[in-house]
Amino acid sequence: MIILEQNLVPKNPKKKSEDGIVVTDDFIAVIDGSTSKTDKRYSYFKSNGRYAMQLIGKYIRKAPKGISCHDFCIGVSRQINKHYKEADIPRLIEHPEERLTASAVVYSRLNREIWMIGDCQCMVGGTFYDNPKPYEQELAEHRAQIINEGAEPREHYLVNDTARQQIIPQMLEAMKQQNITYSVIDGFRIPEQYVRIITLDFQPWEIVLASDGYPFLCHTLQESEEKLAWQRENDPLNIGEFKATKAFTAGNNSFDDRSYIRFKV
């Protein structure tokens, strides 16, 4: 595995990223920790998304080099689950929105497979793959409708995205389906029918792994960054061709943390 380029940028320059990139002799991964939407916290020193990302990164660094996707899903879920208090488990079963949650896209060198668990994206030899949450686009459409039909000037939402605040209850409701109708890493059983596996043959391949902080994933980092800059310039609210559940908030680097790694195998 030959690393060609990589990039990791937090959305807020004053906070640490909830995205992470892991590179070992046997795995390359991009991990996207989910931003908390409740007041439940597991660490005094870091956000739930960053905590989940770091726990998953730690597991990947110690994982057996030939581990299967099935065993990875079991093992990484246990890694998260052991950081819950036993007394909290019944509540976490009923309230998935309070769990430590992340998505990850992982390349396994020995298996020559890419595992997509949750909302992440990749390119293999120029072919794009993703694994989006089933409700994300619907909520993004609803947010766009709120802005388009609202009385507030557009600039208002770049400072105080009240349209996002209005869809938070729907987001929390949709999260009750995590690891039921879609996959994430959250310490509970991952339904593997929602894990996307891309198997490579033994010819050379160029691969890009990225988080969903890149709205238009391209073959190179420069192209991907240029597309992101175009989006910020032309549609900072993310309500046009590309719709998202959040905007390019004033003062932030972007609308989301972003991570990108391109490599050859």
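User: Is Asp88 buried, partly exposed or exposed?
Analyst: This is a predicted model, in which local features need pLDDT of at least 70, side-chain atom pairs count only at pLDDT 80 or more, and totals for chains, interfaces and linings use all residues. Residues are numbered from 1 along each chain as its sequence is written, and side-chain values use heavy atoms, with hydrogens and water left out. Buried means under 20% relative accessible area, exposed over 50%, and partly exposed in between (1.4 Å probe, protein chains only). Asp88 has 21% relative accessibility, so Asp88 counts as partly exposed.

User: Which residue forms a salt bridge with Asp88?
Analyst: A salt bridge puts a side-chain nitrogen of Lys or Arg within 4 Å of a carboxyl oxygen of Asp or Glu. For Asp88, the N to O distance is 3.4 Å, and the partner is Lys40.

User: How many residues apart are Asp88 and Lys40?
Analyst: Asp88 is in the loop between α2 (69-81) and α3 (89-94). Lys40 is in the loop between β3 (27-33) and α1 (48-62). The pair links distant parts of the chain, 48 residues apart.

User: Which residue pairs with Glu5 in a salt bridge?
Analyst: The closest N and O atoms of this pair are 2.9 Å apart, and the partner of Glu5 is Arg262.
Helices (H or I, at least four residues) and strands (E, at least two) are DSSP runs, numbered from the N terminus. Glu5 lies in strand β1 (residues 2-9), and its partner in strand β10 (residues 258-264), so the pair ties together parts 257 residues apart in sequence. That partner is buried, with a relative accessible area of 14%; the residue is Arg262.

User: Which residues are linked with Glu5 in a network of salt bridges?
Analyst: Glu5 already pairs with Arg262. The network links Glu5 with Glu206 and Arg262.

User: What is the relative accessible area of Arg143?
Analyst: Arg143 forms a salt bridge with Asp161, the closest N and O atoms being 3.1 Å apart. Arg143 is in helix α4 (residues 136-149), and Asp161 is in the loop between α5 (154-159) and α6 (162-174). Asp161 is buried at 11%. Arg143 is also buried, with a relative accessible area of 0%.

User: How many salt bridges are there?
Analyst: Side chains of opposite charge can pair when their charged atoms come close. Glu5 with Arg262 is one of the pairs. The count comes to ten.

User: What share of the residues in the protein chain is buried?
Analyst: The protein chain has seven helices and ten strands. Of its 265 residues, the buried ones make up 53%.
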